[in-house]
Amino acid sequence: PGGAILAADVLGYAGAINRARTVGVVNAARTGTMANGAKEPALSTTWRVMAERTTQSWTEVPHFYLTREVNASRLISWREHIVGARFIAPTVRATFTAPSPIIKITYTDLLVKIVAAALLIHPRLNASWSAGKIALQSEIHVGLAVAIEDGLVVPVIHHADTLSLDEIAHQRVELVAKAQAGKLRPSDISGGTFTISNLGMYNVDAFNAIINQPQAAILAVGRIAERVVAVKGQPSVQPMIVLTLSCDHRAVDGARGAKFLDSIATFIEEPLSLLT
């Protein structure tokens, strides 16, 4: 409970060691070699926690998935405009803040902004299932799945709906650096109400993500790739991105999930709609 090692755990481990000694594999295990001669990699605490939590989520949470292919041409234009911006009109500064010259806005930063805006419209996705009830969260804290050598961690950008893109980018850079250096604090990984897992930088087209309990959903993001799609009845090559929303059916039904995903798609295809 809470990571504590109980007497039963110690006794169970001792029993396992005794059984292993009986079949003569103890020495092999100490040298990192399994009974069949395969190498057994050392597992970090982070990896073990990840394994336990994903197993618990996969076995306890009734997952369902919604997939949407979205035209990313205006998302690309939005990012290019922000990265190259020198001046932005005051009326739109709150959403389209020019970044610091040191921090470059990424698609993940844009998605954090978009997801936070969509969660404001669809608070049922900013929720969790607990003790047979749906708990709606009053604040929006977006977690980012980050792969490190020791496993997978999910640092959290708190109050994402109140932050400018510049602030989101600065927090992302800081949190990723801490994660890679193994210096994340408990406050950096706690309180998340929704998670984004982006594997686009690894050239993944689409995937289904496992929900980060106790959250109600997670958004899996693939790469932006040129595909032939119909535009006004004619074939056209467009930059497309595949989004897959994993939902906990105890807290979110298909219709609510679809409406949330539709809002995200709308913001990607028409970023100016964020202003309203």
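## Pro271

At 7% relative accessibility, Pro271 counts as buried (under 20% relative accessible area with a 1.4 Å probe, protein chains only; over 50% is exposed, and partly exposed lies in between). Pro271 sits in the segment after helix H7.

The model is predicted: local features need pLDDT of at least 70, side-chain atom pairs count only at pLDDT 80 or more, and totals for chains, interfaces and linings use all residues. Residues are numbered from 1 along each chain as its sequence is written, and side-chain values use heavy atoms, with hydrogens and water left out.

## Helix H7

Helices (H or I, at least four residues) and strands (E, at least two) are DSSP runs numbered from the N terminus. The 16 residues of H7 should span 22 Å at 1.5 Å a residue, and this agrees with its end C-alpha atoms, which are 22 Å apart; the expected span is 1.5 Å times one less than the number of residues.

Buried residues in H7 are Gly257, Phe260, Leu261, Ser263, Ile264, Ala265, Phe267 and Ile268. Their cover includes strand E1 (63–71), helix H4 (73–83), H5, and strands E8 (194–198), E9 (217–231) and E10 (234–248).

## H5 against H7

The axes of H5 (residues 107–121) and H7 (residues 254–269) come within 9 Å and cross at roughly 135°. Axes are lines fitted to C-alpha atoms, for helices over the stretch in contact, and angles run from 0 to 180 degrees between N-to-C directions. H5 and H7 are therefore oblique to each other (under 35 degrees is roughly parallel, over 145 roughly antiparallel, 65 to 115 roughly perpendicular, and the rest oblique). The crossing is right-handed, meaning that the near helix is turned clockwise from the far one by less than a right angle.

On H5, Leu111, Ile114, Val115, Ala117, Ala118, Leu119 and Ile121 meet Phe260, Ser263, Ile264, Phe267 and Ile268 of H7, with contact taken as heavy atoms within 4.5 Å. These residues divide into 11 nonpolar, one polar and no charged. Ala, Val, Leu, Ile, Met, Phe, Trp, Tyr, Cys and Pro count as nonpolar, Asp, Glu, Lys and Arg as charged, and the others, Gly among them, as polar.

## H4 against H5

The axes of H4 and H5 come within 10 Å and cross at roughly 110°, which makes H4 roughly perpendicular to H5. This crossing is right-handed. Leu75, Ile76, Trp78, Arg79 and Ile82 of H4 make the contact with Tyr107, Leu110 and Ile114 of H5. Seven of the contact residues are nonpolar, none polar and one charged.
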